[in-house]
Amino acid sequence: MPTSTSQTLNVRALDIGQPLPHDLIDGKGVLLLRAGVKITQGFIDTLTRRGISTVATRESDEAREAREAAEAGASTRAAASPPPRSAGPAGPAPAANPSGTELLYVPGRAPTARLTVKELHAMAHRAEQAFDSALDHFVGLGPGFVAGQITDLDAASQLVAGFQRYVAADPALVLMLLRMKGDTGQSLYRHGIKSALLAMTLTHQMGMPENQVTEAGIAALVHDLGMLRVPEPVRHARRKLTASEWLQVREHPLHTLNLLDRMGGVSDSVKTAAYQVHERCDASGYPRQRPKQFIHPLAKIIAVADTYAALTDDRPHRAALTGHDAMKVLLREVQAGKHDRAVARSLLDTMSMFPVGTAVGLSDGRAGRVLRGVPGQSVQPVVVLVKNGQPVDWELDLGQVPDLSITHVLDEAALAA
């Protein structure tokens, strides 16, 4: 008789909202949850507070009987089947359709990698260092791109690959980096990196394959490089642009496309997505006023990432908005038909109305910082409580705590007090 299956799991690797295929037990063999029961954030919080970091699966009697029956049936079919014929040359794989008109987002479909609060804090410093290093490198590459001295996107791909492991480790780790500030003279390059980080996160969370996550990151990173061909007085103006100046700005996607066309090995998806980032689903965008059905799916994702990243960064003519205020502006644009609703839903489920890193006041008088969004709970994210200016080491899912809610956004000084 086959032995029952068993697997040790980190508590944070459990899929929230998914039914358990096997019984879940602790290190002493005590039953925690029966097979078929769905994992909740509250259950994970309870285990964390009890100091349980790993659990194990135990095959139930019903699952074991079903498995043994299936194995027996498979053995019988194999014995009765003739040997397989030699296969001929494989035909070409079906080509992906890069010009689909609708994006589908099924919450929970993407991998739900999650780190503990302690793990996040331990990796946050390394992620910030990686951000600063990538920014310095990207700034150094800019002139080479414009001068045509860089003939491929290998360097851009390496920058994106450097962050991809953080996206896979835990989206919260990457989303924290969107709050990074710096010199306004580097805003174009910083904006490219932030757009890439958020676009990669959204593409990942929407369940798209890894190659599309990479392409979204590359296209988002370079989509504004054409702005380097717009005169500096126009790019750095601290006033409203004139009509002729605005026309120069609207031409920068064409400059970007021309740069990419001169390079080798750049996929059509990256070129098209980078070119169409500023198009809008209601045909109000630029440079071609394309309607929704003619905008590349990755461009729709990057458009949302680009808008949020731009609103939350300092610019020569205005100060950055808070993440909460930026989310309100973006959702008004969604209501007006400018952005794809599936992408906006992914953004809300990933970040909530109070984006990752936002300092918030709770209805019971406590303060906290938003750690991650929860699908379907746009105003009830997961928070980390802050006591005496320091975060505690466990999460609190507001959707699992009755009568507790966010009442207002705090400034950083109030949170540190």
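**A walk through the model**

Start with the open sheet: four strands line up in the order β1-β4-β2-β3, and their pairing is antiparallel. Keep in mind as you go that this is a predicted model. Select residues 8-10 and 31-33 to see the edge strands, β1 and β3, each of which pairs on one side only. Looking across the sheet, you'll find neighbouring strands turned by 45° against each other on average, direction ignored.

Which residue of β4 stands opposite threonine 8? Pick alanine 56 and you have it.

Next stop: the other strands. Select β5 (residues 359-362) and β6, an antiparallel pair with three bridges. Valine 360 is the one to click here, as it stands opposite glycine 368 in β6. Four residues sit between the strands of this hairpin, and glycine 365 takes a positive phi near 95°.

Stay on β6 and bring in strand β7, residues 382-387: these two are antiparallel as well, paired over five bridges. Glycine 368 turns up again, this time with leucine 385 of β7 as its bridge partner. Now show everything around β6 (residues 367-372): five of its six residues are buried, so the strand is largely enclosed by the rest of the structure.

Time for the helices. Select α6 (residues 187-205) and α14 (residues 341-351), whose axes come within 10 Å and cross at roughly 100°. Angles from 65 to 115 degrees count as roughly perpendicular, and α6 and α14 therefore fall in that group. To see where they meet, show Leu198, Thr201, Leu202 and Gln205 on α6, then Val343, Ser346, Leu347, Thr350 and Met351 on α14. This contact is made up of five nonpolar residues, four polar ones and no charged ones.

Last, head for the inside. The largest nonpolar core has 100 residues, and those touching the most other members are Leu153, Ile193, Leu198, Leu221 and Leu225. Helix α3, residues 117-146, supplies the largest share of this core, with 11 residues. Centre on leucine 153 and, leaving aside neighbours within four places in sequence, look for its contacts: Phe145, Ile218, Val222, Leu260, Met263, Val266 and Val270. There is also a second, separate core of 12 residues; Val11, Leu14, Phe43 and Val55 are among them.

Definitions and conventions. Residues are numbered from 1 along each chain as its sequence is written. This is a predicted model: local features need pLDDT of at least 70, side-chain atom pairs count only at pLDDT 80 or more; totals for chains, interfaces and linings use all residues. Side-chain values use heavy atoms; hydrogens and water are left out. Axes are lines fitted to C-alpha atoms, for helices over the stretch in contact, and angles run from 0 to 180 degrees between N-to-C directions. Angles under 35 degrees count as roughly parallel, over 145 as roughly antiparallel, 65 to 115 as roughly perpendicular and the rest as oblique. Contact means heavy atoms within 4.5 Å. Ala, Val, Leu, Ile, Met, Phe, Trp, Tyr, Cys and Pro count as nonpolar, Asp, Glu, Lys and Arg as charged, and the others, Gly among them, as polar. A nonpolar core is a set of buried Ala, Val, Leu, Ile, Met, Phe, Trp, Tyr and Cys residues joined through side-chain atoms within 4.5 Å. Buried means under 20% relative accessible area, exposed over 50%, partly exposed in between (1.4 Å probe, protein chains only). Two strands pair if DSSP finds at least two bridges between them.
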